Amino acid sequence: MLFSGCIGYILKKSNRLSRRVTSKCTAIRKRRPGMISCFFSSSSQKIKLGAASATREIPNPTRTQLRAHYISNGLPFIGFGMMDQTVMIQAGNVIDCTIGVTFGLSTLSAAAVGGLISNVCGILFGGTLESAAKAAGLPSSNLTAAQRALPYVKINRLFSQALGVLLGCTLGLVNLFFIDHEKSSSLKLQQQTEDREFAFEVEASNEDIVDATVFTVRGPDNDGLLAGITASLTMRGCSIINIAVEQFPDGTIVDTFTVVDQKTRTALDDNELMDVSRELLDATTKDGPLFLRTQLGEIEDQNSTLKKRIEQLEEALMKRRVTLRSSQPVRADRNKD
């Protein structure tokens, strides 16, 4: 009932409004009869002109024009895609090796910042690329505005621009061959190792337990820490009797190792405590998995250098040990008659 009442009210108001407009037009026509006729005549003329322009045929572009339109729109985007990819890769690599190492940013975060810089450069230098493309003498399609508005001409331009960006970005991937991919990882590992260098404390005591030595290691909880300390004590000739681990809410841990000498089965000598403590500190900073990866890369580089040097020495030694004497061809003297 409420809906039907609303509809009836709207229809009633619209009828009243139409009556008022009709009465106004009738009054104006009586006072100025030429005004309404001029209005309708001008409107009819505009409608006729619009119909005439709509029925006017647009000439279809030729294949030469479409080809020129395709090339003139695609080639600038090849340069744009190549520039965008180059800036993103180079900027991301620089950020990853500098700011990323200092603030501990991930490689993905550095790539995101590099993409941001490449987008800004695209906006700043997009006009320069278009001007350079025009100065290069690209063919002009000479299409009219109506021809450019045709659907298949728009598709032609869109496809050429997409293909140009795809090709340019593919060419920009060549920058990956000129970047050291392991540099950022090595720098980050080195930074983490340096941060951990003074983060650990070692306490050695022969007074807590009879005939045993107690080593207490305090510092942050890192992966491989317990294994590194255990391996260091074992290589030192210690037998581990007990290990106690205590962890605090701030991430700090306290590892307590009770050891004895493997040969005497007694506590370590007091003179050895300083040397063992230093080895434990080295285990917390240098024998961890992070440092091992960095050290492994350095060893591989040294091995490759030594391998090349050995090959050169072997070749030089072989040349000294082997003597080759080539036979001279015998030339027969012919008597000329």
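## Helix contacts, ring pairs and salt bridges

The chain contains 11 helices and 4 strands, where helices (H or I, at least four residues) and strands (E, at least two) are DSSP runs, numbered from the N terminus. The model is a predicted one, so local features need pLDDT of at least 70 and side-chain atom pairs count only at pLDDT 80 or more, while totals for chains, interfaces and linings use all residues. Residues are numbered from 1 along each chain as its sequence is written, and side-chain values use heavy atoms, with hydrogens and water left out.

Let us begin with the chain as a whole. Of its 337 residues, 24% are buried; here buried means under 20% relative accessible area, exposed means over 50%, and partly exposed lies in between (1.4 Å probe, protein chains only). The accessible surface comes to about 25000 Å², and carbon and sulfur atoms hold 59% of that. These areas come from the Shrake-Rupley method with a 1.4 Å probe, and for residues only the protein chains shown count as cover. Among contacts (heavy atoms within 4.5 Å) with a separation of 6 or more, 70% are between residues 24 or more positions apart.

Leaving aside neighbours within four places in sequence, Val 165 is in contact with Phe 77 and Gly 81. The C-alpha atoms of Val 165 and Phe 77 are 5.1 Å apart, although 88 residues separate the two in sequence.

Asn 73 belongs to helix H3 and counts as buried, with 14% relative accessibility. Which residues does Asn 73 touch, not counting those up to four places away in sequence? They are Arg 157, Ser 160 and Gln 161. The side chain of Asn 73 also reaches the backbone oxygen of His 69 at 2.6 Å. From the other helix, Asn 156 in H7 is buried as well, at 16%. Beyond its neighbours within four places in sequence, Asn 156 is in contact with Leu 66, His 69 and Tyr 70.

The structure holds 2 aromatic pairs. Rings of Phe, Tyr and Trp (its six-membered ring) pair if their centres lie within 6.5 Å; planes under 30 degrees apart count as stacked, over 60 as edge-to-face and the rest as tilted. Tyr 70 and Phe 159 form a tilted pair, because their planes meet at 40°, with ring centres 6.3 Å apart. Tyr 70 is partly exposed at 27%, whereas Phe 159 is exposed at 51%. For Phe 77 and Phe 80 the centres are 6.3 Å apart and the planes stand at 70°, so this pair is edge-to-face. Both of these residues lie in helix H3, 3 residues apart, about one turn of the helix. Phe 77 is partly exposed at 27%, and Phe 80 is partly exposed at 28%.

### Salt bridges

Side chains of opposite charge can pair when their charged atoms come close. A salt bridge is a side-chain nitrogen of Lys or Arg within 4 Å of a carboxyl oxygen of Asp or Glu, and by this rule the count comes to 3.

| Salt bridge | Closest N and O atoms |
|---|---|
| Arg 218 and Glu 203 | 3.4 Å |
| Glu 279 and Arg 236 | 3.0 Å |
| Glu 315 and Lys 319 | 3.8 Å |

Arg 218 forms its salt bridge with Glu 203, and the pair links strand E2 (residues 213-220) with strand E1 (residues 201-205), the two residues being 15 apart. Arg 218 is partly exposed at 33%, as is Glu 203 at 39%.

The salt bridge of Glu 279 with Arg 236 also links distant parts of the chain: Glu 279 is in helix H10 (residues 273-285), and Arg 236 is in the loop between helix H9 (225-235) and strand E3 (238-247), 43 residues away. Glu 279 is partly exposed at 28%, and Arg 236 is partly exposed at 32%.

Glu 315 and Lys 319 both lie in helix H11 (residues 289-321), 4 residues apart, about one turn of the helix. Glu 315 is partly exposed at 47%, while Lys 319 is exposed at 60%.

Conventions. Polar contact = N/O pair within 3.5 Å; in protein donor to acceptor, adjacent residues only side chain to side chain.
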